[in-house]
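Biologist: I would like to learn how to read this model. Please take me through it feature by feature.

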Amino acid sequence: MSKGTIERVAVLGAGSMGHGITEVTAMAGYDVTMRDIEAELVEEGYDQIEWSLEKLEEKDRLDESAAAVLERIETTTDLGEAVADADLVIEAAPENLELKHDIFTDLEDLTDEDTLLASNTSSLPISDIADVLENSERVLGLHFFNPPVKMDLVEVIYGEQTTDEVAEAGYEWVESIDKTPIYVRKDIRGFVVNTVLGPFGGEAAWMVSEGEATIRQADAAMVHRRGYPMGPFELADMTGIDIGYHVRKEADDPIPPIIEEKVENETLGQKTGEGFYDYENGDGADYEPGDGDGFDTLRIEARLANRAAYIVGEGVSTPEEVDTGVRLGLGFPEGICRRADRIGIDTIFEKLETLRDETGSDRFEPHPYLEQLLEEGRTGEDAGAGFYEYGTDENGLDSYHNLNADLEDGVLRVELDRPERMNALSEDLLAEIDDLFSGVDTDEIRCVTIEGAGDRAFSAGADISGFASTKPTDMMDVTPAFETVNDFPRPVVARIDGYCLGGGLELALACDLRLATERSQFGAPEIGLGLIPGGGGTQRLMRILGETRAKELVFRGSHIDAERAQDWGLINRAVDREEFDDVVEEFVSDLRNGPPIGLEVAKKVMNEGEDASMEAALAMESQGFGLLISTDDVLEGTAAFAEDREPEFEGE
Ligand code: NAD
């Protein structure tokens, strides 16, 4: 089988998931046929794709026109026609095993034996779906999240018979459509993301059922104290309380009484107007930050970590995969393995044992993998190892969790890696930036670039979810990260594509040069929150833009586009997306090949001179000049000039 050559894709089902999967497949350049059972359903799905593509086009998020993408999509109600030439078929029909069996039985007859057969099921085991096939090696799970066009994650699931070759082909295909795959190497119920998520709502429901907490207390604590994007009850109301109920029933898990009661009364959440909160006569999820005091968040997080231990311990996925899964799939503020390492594996283990002994419930039984970590002394970050190893790589770079740093050929490329939160600057991310820029060996570096992961933002601001729980006095401490970047002895280039707002703008201002795509947006929206830009934002804006423009940006709090940002001198260049990489590389190449000491002195003298009197600034300049004149780089520079060749600076 040659699985590396997927050209045509067929998607079965034009519903919520099917049309979204079709859309992202076509956006990535594949020809795709979408099939549903009735013409009307196919049309509805197609109309939704058209609407969505037009929206993306308006926001300049397509590399081509919406019409060009649509041209790659065909629709049909005929299964044979849909899959005849397909190299990959993705089934996204309703969640019903018998129906899926019928579809896969037909697929075995109608497709070439090289064709990959994938199901987008969220809860049925892939092996159960595949067992109607004579040869089920080519069946795998490709579990997209809703809506596919926005959600980056896809779980790539092995059924019992799936070969590595098939799973790898699926994984590579997911990468080729610009999504982030994670392997689920064993066909466990709920795969990775939903397995971790289970106790988030489940344990909270037990605590409320047992009178140990209130609904608002649980939601407020998990959101405002622990940074989750939604509280467990708010989330259940949004997805439907009956959905979680059925998942638990199927898994034979005991059901917390409060969930049983809601299902009996048919108050199932937002869709029925009432669930844990009242959406018709009340204000919906109306908890306040202070409501969360006294809630035992560790009880929930210990269980989440125990699920992660099960997944890692059983060889289903790696800690990195679990963490990518919960961050991209659920918007968790950080990976659960990472969080467990910070809480301490010993603390989690003790918590689980205590709860097990107190309640007698086996849901607190620590997974043997946690015990193994403890035996190996891997109790978490403080001990240097837990789920992860904490150390330095061959370039002396620490292992980071919120950013990626890669040093090659003198260029340190830094990527803010929280795409699920538009690279919002959390306290942890800022601490990592500070640590990186203050600890890295500058001798190895000629220049630095900073960019945002994902395709939406450089950074959309500070992570406000952390704010409400922070004491005002803590917030007054200006994070050192921006100063560390500003003072870094090598040129730092902000590579901006998308939103660059609030804290993100402040970080960009701390860089020396700013290059942006034309679609980028800039702004200091803090005033809308009753705040002012921090991290030196107000001051650097005054210096860079002058009072007139700086005050407009800060007082009005509205966005400006890249063209205006360039006019105002906020950025060095606004560039078409297609040319962006080339323009950045031209800048990087000049800085990388420039004289390191000369650039260091220029940066220092220009930064520091700005705050000094002209006289003092000129003194700094001439001192810098004097220092440079005796360097080998100046000899090399002048010799190269005389010999009409490119200089080769050594930084000496
Ligand atoms: P949906 O009901 O919105 O769409 C299913 C579509 O499949 C319908 O239009 C239906 O007419 C069509 N269909 C029925 N029989 C078919 C057949 N034989 N061939 C082709 N199409 C057929 O459902 P959905 O939410 O898109 O879910 C589809 C699958 O994706 C399910 O397995 C579900 O578990 C999974 N899933 C759903 C979500 C979600 O949030 N909705 C997320 C991830 C995975």
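Modeller: Helices (H or I, at least four residues) and strands (E, at least two) are DSSP runs, numbered from the N terminus. In those terms, Glu212 is found in the loop between helix 8 (193–209) and helix 9 (215–225). Residues are numbered from 1 along each chain as its sequence is written, and side-chain values use heavy atoms, with hydrogens and water left out. This is a predicted model, where local features need pLDDT of at least 70, side-chain atom pairs count only at pLDDT 80 or more, and totals for chains, interfaces and linings use all residues.

Biologist: Which residues is Glu212 in contact with, leaving aside its neighbours within four places in sequence?

Modeller: Contact means heavy atoms within 4.5 Å. On that basis, Glu212 touches Met207, Gln217 and Arg299, with neighbours within four places in sequence left aside. A polar contact is a pair of N or O atoms within 3.5 Å; within protein, one must be able to donate a hydrogen and the other to accept it, and residues adjacent in sequence count only if both atoms are side-chain atoms. The side chains of Glu212 and Arg299 form one, at 3.1 Å. Look at Asp296 too: 84 residues from Glu212 along the chain, with 9.1 Å between their C-alpha atoms.

Biologist: Is Thr33 buried or exposed?

Modeller: Buried means under 20% relative accessible area, exposed over 50%, partly exposed in between (1.4 Å probe, protein chains only). Thr33 has a relative accessible area of 4%, so this residue is buried. Its place is in strand 2 (residues 31–35). The Thr33 side chain makes a polar contact with the side chain of Arg8 (2.9 Å). Beyond four places in sequence, its contacts include Val9, Val11 and Glu74.

Biologist: Now the ligand. How many residues surround the ligand, and which are the closest?

Modeller: A residue is near a molecule if one of its heavy atoms lies within 4 Å of it. Here 22 residues surround the ligand, and the closest are Met17, Asp36, Glu95, Lys100 and Ser122. Helix 5 gives the most to this shell, with three residues.

Biologist: Which polar atoms lie by the oxygen atoms of the ligand?

Modeller: A polar side-chain atom of Asp36 is 2.6 Å from a ligand oxygen. For Asn146, a polar side-chain atom is 3.2 Å from a ligand oxygen. Ala93 uses a backbone N or O atom, 3.3 Å from an oxygen atom of the ligand.
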